[in-house]
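Here is a briefing to read beside the sequence and the structure.

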Amino acid sequence: MDNKIKRDLVLTCLLFILLMLGTWLAQLYLNSYLVRILNTACIYVVVAVGYNLINGITGQFSLGPNGFMAMGGYTVAILMLPLAQKEQVYFIEPLIYPFSAFTFPSYLFGLALFLGGVVAALAALLIGFPTLRLRGDYLAIATFGFGEIILVFANNLIPLTNGALGIKGIPGYTNLWWTVGLAFLTVFLVKSLVNSSFGRAFKAIRENEVAAEAMGINLFRHKLLAFVISGFCAGVGGGLFVTLIGTVSPSLFTFTMTFNLLIIIVLGGLGSITGSTITAVIFAFLQEILREVEAPHTIGSWSLPGIPGMRMVVFSALLVVLMIFYRRGLFGNKELSWQLVIDWVSRSKNGKA
Amino acid sequence: MTWVTFFQQLMNGVSLGSLYALLAIGYTLVYGILGLINFAHGDVFMLGAYFAFFMIAIFMLPWWLGVIVGIVLCAIVGMTIERVAYRPLRDAPRISALITAVGVSFFIENLGLVTVGARPKGFPRPDLMKNVYILAGARIHGVTLWVPIISLAILAVLLFIVYRTKMGMAMRAVAKDMEATRLMGVNVDRVILLTFALGSALAGAGGVMWACKYPQINPLMGVFPGWKAFTAAVVGGIGNVVGAMIGGFIIGVAEIMIAAFFPSLTGYRDAFVFGILIFFLLIKPSGIMGETLKEKV
């Protein structure tokens, strides 16, 4: 038993080293377009895995990730924006006091990300507290409202967010080291959590709340824990996203963001972290490929006009069809584990022999 | 604030509230029966405005006929949504149905954006809605006066259907206990379908009147009214028809009054409704008219 845990840990460390090696090679040889897609993919992994924790594993329907990402994104942007840039950006109304006086040096980027996560987690706590005591559906409607309200605030709290114009010129601290590293860390931590007694409680709540409560699980505390962690992940993801593209504005975190994440976790299988991780990467690439569909094309003498926005029509139809015909997604609620990989490798070896 | 402006604002609030009430009924009917938040309801509301717009502006129907055709089309859309997207998932876990509802909502919105475009269109208003009336010294816009009157008439018809007809009795029975109702020989599928038709028709009527009030229609116009109407349904006690109406009026009047008394907070009007929702969830989650439900095992 102990040996197995040790073996898994060693294998995980090996995987991490391999990933880092891959990152190093990617930094060296891939063009900036591919690097950017990879960055986006890893950010999706961070947020989607967190989102799956509340939606898929605990079974509470949240529609909040866009709001939490916005909170994390704005926090990181305000903390990391250089002072000179702050004066330039906030020309309508100056930035309010404590933030106008200081800025984080680049080596504190990690701390800024952490704080972004903390701010989002606090928001999750505030929303979760009144809603999670009640039956599941209230969370959906409250988080949906929150996602929209946070944009209302982003548009109106001009001394803090610069309104609809948003904040430009955020230094691009996000690189593959950060995104790959944090994606790995998120998957590792959430998976450890799911395998712990907390994870079992989460799953019990998903399967049957009444039975779970009868077994002595405190429903409210466990739901709140899952929701707050999910908010934290979204906050960190938002911070990474903002420093990746260098700007933040309310239009960046509309409901479309939540919808994309929903597609990712449904396609991967609600409740499967492996699934969310893999589909998050697939989705990031798919989005780029489908960009082609929207562009105008000329085939011979035919010219097809591009239909901007067609992507989202396809995605939303896809979501409905998936839910009706393929509810378990690619992985159901199964996980890939080292044991499975080893079994599979040894079986294929035996098969050959 | 003088008494006249207060009266004017109150009328504005009642007028807005009556639209929320119309929409909230659809949410509450569906939630009462299926336990599902019909996220697409706000989009059916938007479709109502667009259908009427196309009937009047493109097919050149007279205004009243265009509106009726629009409402009928909304009812058909509502039934289609139920038949295609929700019925296959009736026995699935709750979360699957909710995700589907979000998918349907997003599908309608994006289809709207792709086909008619994001640019707002001007909605034609009949003269009746454009007149200005002087009431007790206050100048009341035709829309402000007629919208609540028409809405109240529609709500009265609805209450009659729900509480005085066989169909309404079947709807209430399905909401209480679907299986038992089926055993009593009621065609449950048909009842649910008709519930969707009824709710969607109300949403369509609401959409048309909303378009008369704010004559710029766009494919995303249903998102916020829809969400606020759901909040109204929660405030009134979800599943309760009368409660949804009361909740609608409360939200409408409160929203207008906040903007009237604190003009500097106008930008946060929407956030204020969120505050009401959280407040009610903390203090009285069962709503004004709702009864506390015990989870059945």
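A residue counts as buried if 20 or more other C-beta atoms lie within 10 Å of its own, and as exposed if 12 or fewer do. Keep that cut-off in mind for N162(A), which has 26 C-beta neighbours inside 10 Å and therefore counts as buried. One caution: this is a predicted model.

**Chain A as a whole**

- Chain A contains 16 helices and 2 strands.
- A compact globule of 353 residues would have a radius of gyration near 20 Å. Chain A has 21 Å, which agrees.
- Its C-alpha atoms fill a box of roughly 70 × 60 × 45 Å, taken along the principal axes.
- Buried residues make up 47% of the 353 residues of chain A.
- Take the contacts in chain A with a separation of 6 or more: 82% of them join residues 24 or more positions apart.

**Chain B as a whole**

- Chain B contains 12 helices and 4 strands.
- For 297 residues, a compact globule would have a radius of gyration near 19 Å. Chain B has 19 Å, which agrees.
- The box filled by the C-alpha atoms of chain B is roughly 60 × 50 × 35 Å along the principal axes.
- Of the 297 residues in chain B, 52% are buried.
- Among contacts in chain B with a separation of 6 or more, residues 24 or more positions apart account for 75%.

**Where the chains meet**

- The contact takes 36 residues from chain A and 34 residues from chain B.
- On the side of chain A that touches chain B, the elements giving two or more residues are helix 6 (109-131), helix 7 (137-156), helix 13 (255-268) and helix 15 (310-325) of chain A.
- Which helix gives the largest share of that side? Helix 7 of chain A does, with 13 residues.
- That side of chain A divides into 25 nonpolar, 8 polar and 3 charged residues.

**Helix 7 of chain A**

- Helix 7 of chain A is mostly covered, with 16 of its 20 residues buried.
- How far apart should its ends be? At 1.5 Å a residue, the 20 residues of helix 7 of chain A should span 28 Å. The end C-alpha atoms are 29 Å apart, which agrees.
- Helix 7 of chain A also packs against helix 3 (residues 65-80) of chain A. The angle is about 35 degrees, and the axes are 7 Å apart.
- From helix 3 of chain A come N66(A), G67(A), A70(A), M71(A) and Y74(A). They meet F146(A), G147(A), I150(A), L151(A) and A154(A) in helix 7 of chain A.
- This contact between helix 3 and helix 7 of chain A has 7 nonpolar residues, 3 polar and no charged.
- An α-helix has 3.6 residues a turn, so residues three or four places apart point the same way.

**A buried threonine in chain A**

- T277(A) sits in helix 14 (residues 273-294) of chain A.
- Why is T277(A) buried? It has 28 other C-beta atoms within 10 Å.
- T277(A) and V46(A) are 231 residues apart in sequence. In space they are 8.3 Å apart, C-alpha to C-alpha.
- Leaving out residues up to four places away in sequence, T277(A) touches V45(A), V49(A) and V187(A).

**A hairpin in chain B**

- Strand 2 (residues 132-135) and strand 3 (residues 138-141) of chain B run antiparallel and are joined by 4 bridges.
- L135(B) stands opposite A138(B) in strand 3 of chain B.
- The two strands form a hairpin with 2 residues between them. In the turn, A136(B) has a positive phi of about 50 degrees.

**Two loop residues with positive phi**

- Most residues other than glycine have a negative phi.
- N162(A) has a positive phi, near 65 degrees, and is not glycine. It is found in the loop between helix 8 (158-161) and helix 9 (176-195) of chain A.
- M60(B) also has a positive phi, near 60 degrees. It lies in the loop between helix 2 (41-57) and helix 3 (63-86) of chain B.
- Is M60(B) buried or exposed? With 8 C-beta neighbours inside 10 Å, M60(B) counts as exposed. N162(A), by contrast, counts as buried.

Conventions. Residues are numbered from 1 along each chain as its sequence is written. Chains are lettered from A and ligands numbered from 1 in the order in which they are written. This is a predicted model: local features need pLDDT of at least 70, side-chain atom pairs count only at pLDDT 80 or more; totals for chains, interfaces and linings use all residues. The radius of gyration is taken over C-alpha atoms; the globule rule is 2.2 Å times the number of residues to the power 0.38. Two residues are in contact if their C-beta atoms, placed from the backbone, lie within 7 Å. Two strands pair if DSSP finds at least two bridges between them. Ala, Val, Leu, Ile, Met, Phe, Trp, Tyr, Cys and Pro count as nonpolar, Asp, Glu, Lys and Arg as charged, and the others, Gly among them, as polar. Axes are lines fitted to C-alpha atoms, for helices over the stretch in contact, and angles run from 0 to 180 degrees between N-to-C directions. The expected span of a helix is 1.5 Å times one less than its number of residues.
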